[in-house]
Amino acid sequence: MRIVSGVNDECCYSVTKTMDGGFAIVGQTTSFGAGYNDIFIEKFDSSGYVEWGKVVGGTSGDAGFSIIQTSDNGYAVAGYTGSYGVGLSDIALIKFDSLGNIEWAKTIGGPDREEPVSIIQTSDGGYAVIGWTESFGAGWMDFLILKVDSTGSLQWARTI
């Protein structure tokens, strides 16, 4: 599947080098998927050829903003979803295996909007995510940092 050359709009937000010398990208597509925007992830080999691509999303807007390769050779993506969750847009965390199959997907958010900016894997195999929130904190938009375990379950969240 090659989705970077669809007939509508595609936008890439993050790239990561992979352990095999290739790279993986994440962003959003309006050419493929179920909704207005959907999260896409593509894996390229070291020569720039697409090995596989996946589209994830629902009928509303969804986008992937940050991607990392995980210690088990899979991929973790942080993005937002307007299709799932409880708010206008919630943080979407998706864990893929090395072939792009979804291992788990979680949403985190409140009644308004939350969006991530970056994700990292922590030494315990979990993930830390930074972003912003309109649902929690003291102001209209507040800095948000959260920690999830290796299965995507929320361990804690803080606002500044």
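Cys12 counts as partly exposed, at 41% relative accessibility; here buried means under 20% relative accessible area, exposed over 50%, and partly exposed in between (1.4 Å probe, protein chains only). Cys11 is likewise partly exposed, with 31% relative accessibility. This is a predicted model, in which local features need pLDDT of at least 70 and side-chain atom pairs count only at pLDDT 80 or more, while totals for chains, interfaces and linings use all residues. Residues are numbered from 1 along each chain as its sequence is written, and side-chain values use heavy atoms, with hydrogens and water left out.

The structure contains zero disulfides, a disulfide being a pair of cysteine sulfur atoms within 2.5 Å. For Cys12, the closest cysteine sulfur belongs to Cys11 and lies 7.3 Å away, which is too far for a bond.

In soluble globular proteins, nonpolar side chains tend to be buried together. A nonpolar core is defined as a set of buried Ala, Val, Leu, Ile, Met, Phe, Trp, Tyr and Cys residues joined through side-chain atoms within 4.5 Å. The largest one has 13 residues, of which Leu93, Ile119, Tyr127 and Leu146 touch the most other members. Strands (DSSP runs of E, at least two residues, numbered from the N terminus) S6, S7, S8, S10 and S11 each supply at least two of its residues. S11 gives the largest share, three residues. Another core, of 11 residues, lies apart from it and includes Ala24, Ile41, Val56 and Phe96.

Ala105 is located in strand S8 and counts as exposed, at 52% relative accessibility. Its C-alpha atom is separated by 6.4 Å from that of Lys95, 10 residues apart along the chain.

Definitions and conventions. Helix = DSSP H or I, 4+ residues; strand = E, 2+ residues; numbered from the N terminus.
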